[in-house]
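This briefing looks at aromatic ring pairs and at a hairpin with its loop. Have the sequence and the model ready while reading.

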Amino acid sequence: PVVIPGTPPPTVIAPPSITSGRVLVTVPALKVRSGPGTQYPAIGTVWGDMVLNVYGLAPDWVYVMTPSGGFGWLSERYINWVRIP
């Protein structure tokens, strides 16, 4: 992971080969961040009703793969967990 000077150390996450579940974006647009917190820069946006695979967790944040194939963090405040049958 890229570490930005002056920010807390990154949280250890599960390797991308391990899926922890899926989440549904519940707001019209949600910033994808480079780390698990609002102090990290936004690196993209995901849109309402998207379902994304989760690859890691931090307190109040989930690490997801975006539709473009990149990875980033979403606030749990704006998502719902999706039950996988």
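At 28% relative accessibility, Phe71 counts as partly exposed, a class that lies between buried (under 20% relative accessible area) and exposed (over 50%), with a 1.4 Å probe and protein chains only. The model is predicted: local features need pLDDT of at least 70 and side-chain atom pairs count only at pLDDT 80 or more, while totals for chains, interfaces and linings use all residues. Residues are numbered from 1 along each chain as its sequence is written, and side-chain values use heavy atoms, with hydrogens and water left out.

**Aromatic pairs**

- A pair of aromatic rings is described by the distance of the centres and the angle of the planes.
- Rings of Phe, Tyr and Trp (its six-membered ring) pair if their centres lie within 6.5 Å; planes under 30 degrees apart count as stacked, over 60 as edge-to-face and the rest as tilted.
- The structure holds three aromatic pairs.
- One of them joins Tyr55 and Phe71, edge-to-face, at 5.4 Å centre to centre and with 75° between the planes.
- This pair links distant parts of the chain, since Tyr55 is in strand β4 (residues 51-58) and Phe71 is in strand β6 (residues 71-75), 16 residues apart.
- Strands (E, at least two residues) are DSSP runs, numbered from the N terminus.
- Tyr55 has 7% relative accessibility and therefore counts as buried.
- Tyr63 and Trp73 form a tilted pair, because their ring centres are 5.0 Å apart and their planes are at 50°.
- Here too the pair links distant parts of the chain: Tyr63 is in strand β5 (residues 61-65) and Trp73 in strand β6, ten residues apart.
- Both Tyr63 and Trp73 are buried.
- Ring pairs connect Tyr55, Tyr63, Phe71 and Trp73 into a cluster.

**Strands β5 and β6**

- β5 and β6 pair in the antiparallel sense over five bridges; strands pair if DSSP finds at least two bridges between them.
- Val64 has Gly72 in β6 as its bridge partner.
- The two strands, β5 and β6, form a hairpin with five residues between them, and Gly69 in the turn has a positive phi of about 95°.
- Four of the five residues of β6 are buried, so β6 is largely enclosed by the rest of the structure.

**Thr66 in the loop**

- Thr66 lies in the loop between β5 and β6.
- With 14% relative accessibility, Thr66 counts as buried.
- Its side chain makes a polar contact of 3.0 Å with the side chain of Ser68.
- A polar contact is a pair of N or O atoms within 3.5 Å; within protein, one must be able to donate a hydrogen and the other to accept it, and residues adjacent in sequence count only if both atoms are side-chain atoms.
- Thr66 touches Val32, Val46 and Leu52, not counting residues up to four places away in sequence; contact means heavy atoms within 4.5 Å.
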